[in-house]
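The following note sets out points to consider while inspecting the model. Please read it with the sequence and structure at hand.

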Amino acid sequence: MKRRDFLGGVGAVGTASVLSAPSLLTTAGRAMAQGNDIPVGLLFSLTGAVAVVESTLHNAALMAIEEINAAGGVHGRKLRPIIEDPASDPATYADRARRLMIRDKCVSVFGSYTSSSRQAVLPVTEQRKNLYWYPTLYEGRECSRNVMYGGAVPNQQQDVLVPWLVENFGPRFFMIGNNYVYPKEENNYCKSLLSELGGEVVSEEYVPMGHSDFSSVINRIRSEKPDVIFATVVGDSDVAFARQYHAAELDPEKMPVFSLTRSEVEVKAIGGEAAAGHFSSAPYFMGHKSPENEKFVEAYKSRYGGDQVTHFVSEAAYFQVYQFKAALEKLDPANITPEAIRDAAVGLKLKAPQGEILIDENLHTHLWPKIGQWQSNGQAEVLIQSEERVAPKPYAAYEGQTCTGEGLVKA
Amino acid sequence: MTSKFHYDLIALVIFAIVIAFGVPALMNYDGFELNTFARYLALAIASMALALSWGTAGLLNLGQAATFGMGSYAMAMHLKLRASDGLPDFMGWNNVSELPLIWVPFESLAFTLLAGLLIPAFIGGLTAVFMFRARIAGVFVAIITLAFLVAFQLLVINQQGMTGGQNGLTGLAQLSLPGWTVDPYSTGFYYLVAGCLTVALAIGVYLTHSKFGLILRAIREDADRTRFFGYNVATYQTAIFCLSAALAGWAGMLYTMVLEFASPTYMGVSFSLAIVIWCAVGGRESVIAAALGAIIVNMLEGRLSDVFVEGWHLMLGVIFVLVVMFMPRGIYGVITETAKRLHHPKRRHRKTDLQSSSTKQLETGQES
């Protein structure tokens with residue numbers, strides 16, 4: 001059943017709910033039986049505040065699963081996606097993750113976008129020694145042996161970007177972000193890079209999540225005249241920020257915004273004209289040119305509609321399923337456990353849409369950082385592509401701490 | 001009065017037997033199912049706590065989640081300290097170099113347990129004193145408590161160095177009581193929560209049938225008249241508010257143990273409104289019914305989302321609308337009406353005083 005079909009069939013749902021009433025009382029649910037399939041969980045919010053982004057991750061992961069099944073599955077076994085909707089609520093994430101990992105015995109769960117939802121899933125994942133595939137860029141400083149991190153950590157977003165900024169735009173940075181752990185951590189790392197490069201932070205500001213009035217911030221930007229606006233504003237806030245920045249007639253030629261979080265999804269909401277001229281740093285852009293990406297974008301569009309976009313998180317949601325498949329192929333079909341999958345995944349190379357990626361022994365992913373400049377058609381032109389694959393260092397900002405194959409090591 | 005008390009006692013005993021023996025047997029003592037059900041039971045305490053202030057005293061507290069969250073964070077702070085050697089990790093990330101003073105006493109389990117009850121009671125009492133001294137009533141209580149909730153949640157999110165901000169408190173240890181490390185998937189833990197709920201319900205049933213409860217009901221029906229009888233209305237209202245807050249804090253402590261983290265969403269508006277819905281579905285006049293409401297709604301939510309991933313939210317919404325339209329007094333109302341009709345088959349269906357007065361409240365939007 002497709003996600004949007006239900007609106008058309010409310011009456012049918014009513015009837016169905018009466019017919020399937022007995023199943024409401026049993027604990028079996030829809031997960032049991034079906035013999036030889038490999039159960040995998042999909043835990044992306046289809047409703048609620050983050051559904052706009054997470055439903056694209058859900059779509060990308062589901063597409064990968066169905067592509068794999070269409071090509072014959074793994075060892076002749078099909079992947080059976082078990083879909084849950086945690087409704088953008090951390091407590092519901094924890095509840096649904098339990099269901100997937102304990103009751104439905106999924107060997108892996110793919111899910112979530114926000115850090116808070118990952119944190120909610122973590123206790124049960126670690127306790128049950130399951131494997132959680134998390135596709136989102138995040139603040140680093142986590143070293144779980146039960147999470148596969150597919151997104152960029154601060155050093156992968158900034159090691160290429162910040163020196164390039166100082167060289168080409170100047171050393172005076174204005175930092176603006178939402179008030180939570182991700183922006184603070186990115187800014188901490190940026191400051192440590194700047195101190196080596198001789199840059200300075202003229203202002204560091206945090207607005208509450210969902211904040212949408214940036215007039216005072218924009219006034220300060222106007223009076224400070226920084227060389228670089230270093231933005232870690234997320235979601236709706238970022239859309240509001242970009243629009244007001246444009247409405248205030250600040251020229252991206254003179255004062256461009258460099259965002260770590262703005263992807264094709266946000267740009268679609270901002271509108272191409274207001275976003276044009278500003279920059280983002282990410283390992284993937286929809287406009288990246290590679291045969292793998294052309295295939296990915298085309299398949300995604302033909303499946304979900306020509307106006308849909310792919311972005312740096314949905315790309316990871318997609319390639320992580322293929323990483324999972326490649327790990328399964330290395331295993332003895334009779335002996336598939338989450339930990340065996342994890343061990344088989346380490347060192348695995350895969351041609352992803354962004355380039356050939358590699359899973360580090362610390363379970364983060366080696367990625368290809370890029371810098372893109374947004375165009376008025378809502379796409380980014382990739383200006384800079386890192387010459388080499390960048391290794392993930394989730395504790396880069398913390399001297400003496402490294403995330404290794406044995407977990408966190410403190411010197 | 002006394003016969004009603006007997007009915008409630010019987011209901012309480014049946015309820016206790018079902019959750020103590022029936023439910024675990026039905027679930028085959030399966031760790032996952034028991035853990036899920038323990039979550040519902042913890043929420044049931046929050047719901048019955050609201051029934052005390054809303055159903056008995058007519059004070060609709062939309063800030064119930066705030067006191068729930070206080071209890072939840074108190075427990076989480078203790079467990080976080082147990083899990084970390086030295087400073088909790090998130091403080092380091094927020095450039096906090098020393099354990100904040102407010103965290104220090106949470107090293108002690110005894111203090112934590114007390115704080116989880118008394119801090120919510122104190123804060124609840126403080127808001128209550130200001131509200132009820134000023135004779136604020138009806139819809140304004142709801143507005144003030146809602147505003148308090150929103151402000152409190154913002155405060156918690158903004159004090160990142162102390163509260164973990166948006167992510168909340170995660171990476172907690174398991175509670176270790178003398179001789180027992182509480183595993184949230186164990187049968188023992190289930191009985192801990194079930195026991196807590198039963199005790200909370202017993203307190204609730206006793207209170208509603210005591211003289212104290214009678215006066216509260218009098219206040220609900222007509223505060224002025226009660227005042228003229230010489231009762232200090234504000235004191236009674238404050239007392240029930242404190243008690244309800246303490247019970248919510250208790251529920252919060254258990255909830256943290258079930259889910260193994262504390263999140264600012266526990267003090268969100270939507271969670272607070274959810275408690276009101278559970279209470280309304282079960283029936284706010286009876287604490288047992290309110291607890292049952294929480295369990296039923298949450299079970300329904302769990303099962304519906306299991307069977308209909310696509311439309312469960314919509315279906316829940318429709319169910320709530322139907323309940324409000326056709327069962328304004330919740331499940332409890334249906335049961336009492338049916339019982340009445342069985343006892344007096346000839347008498348035509350008549351609304352009780354309570355219902356007519358509460359309908360009046362809904363229509364005029366305020367209480368006397």
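1. A:Glu249 has a positive phi of about 60° although it is not a glycine. Most residues other than glycine have a negative phi. Helices (H or I, at least four residues) and strands (E, at least two) are DSSP runs, numbered from the N terminus.

2. The model is predicted: local features require pLDDT of at least 70 and side-chain atom pairs count only at pLDDT 80 or more, while totals for chains, interfaces and linings use all residues. Residues are numbered from 1 along each chain as its sequence is written, and chains are lettered from A and ligands numbered from 1 in the order in which they are written.

3. The model scores ipTM 0.86 and pTM 0.88. For chain B the average pLDDT (the predictor's confidence in each residue, from 0 to 100) is 89, and 93% of the residues score at least 70. Over residues 353-368 of chain B, pLDDT stays under 50. Where pLDDT is low, the predicted coordinates should not be read in detail.

4. A:Leu363 lies in the loop between β12 (355-359) and β13 (365-366) of chain A. A:Leu363 is buried, with 26 other C-beta atoms within 10 Å.

5. The strands β11-β12-β13 of chain A, in that order, form an open sheet of 3 strands with antiparallel pairing. Two strands pair if DSSP finds at least two bridges between them. β11 (349-352) and β13 of chain A stand at the edges with a single partner strand each, so one side of each has no neighbour in the sheet. β12(A) and β13(A) are joined by 2 bridges, and A:Leu358 has A:His366 in β13(A) as its bridge partner.

6. A:Gly277 is placed in the loop between α13 (272-275) and β10 (279-282) of chain A. It is partly exposed, with 16 other C-beta atoms within 10 Å. A:Gly277 and A:Trp374 are 97 residues apart in sequence, yet 5.5 Å apart in space, C-alpha to C-alpha. Beyond four places in sequence, the contacts of A:Gly277 (C-beta atoms, placed from the backbone, within 7 Å) include A:Pro252, A:Glu253 and A:Gln373.

7. The contact between the chains takes 36 residues from chain A and 27 residues from chain B. On the side of chain A that touches chain B, the largest share, 7 residues, comes from α5(A).

8. Which residues touch the most other members of the largest nonpolar core? Among them are A:Ala61, B:Ile45 and B:Met48, in a core of 215 residues. A nonpolar core is a set of buried Ala, Val, Leu, Ile, Met, Phe, Trp, Tyr and Cys residues joined through C-beta atoms within 7 Å. Contacts of B:Met48 beyond four places in sequence include B:Ala200, B:Leu201 and B:Ala291.

9. Helix α3 (residues 64-83) of chain B is largely enclosed by the rest of the structure, because 18 of its 20 residues are buried.

Definitions and conventions. Contact = placed C-beta atoms within 7 Å. Buried ≥ 20, exposed ≤ 12 C-beta atoms within 10 Å, placed from the backbone.
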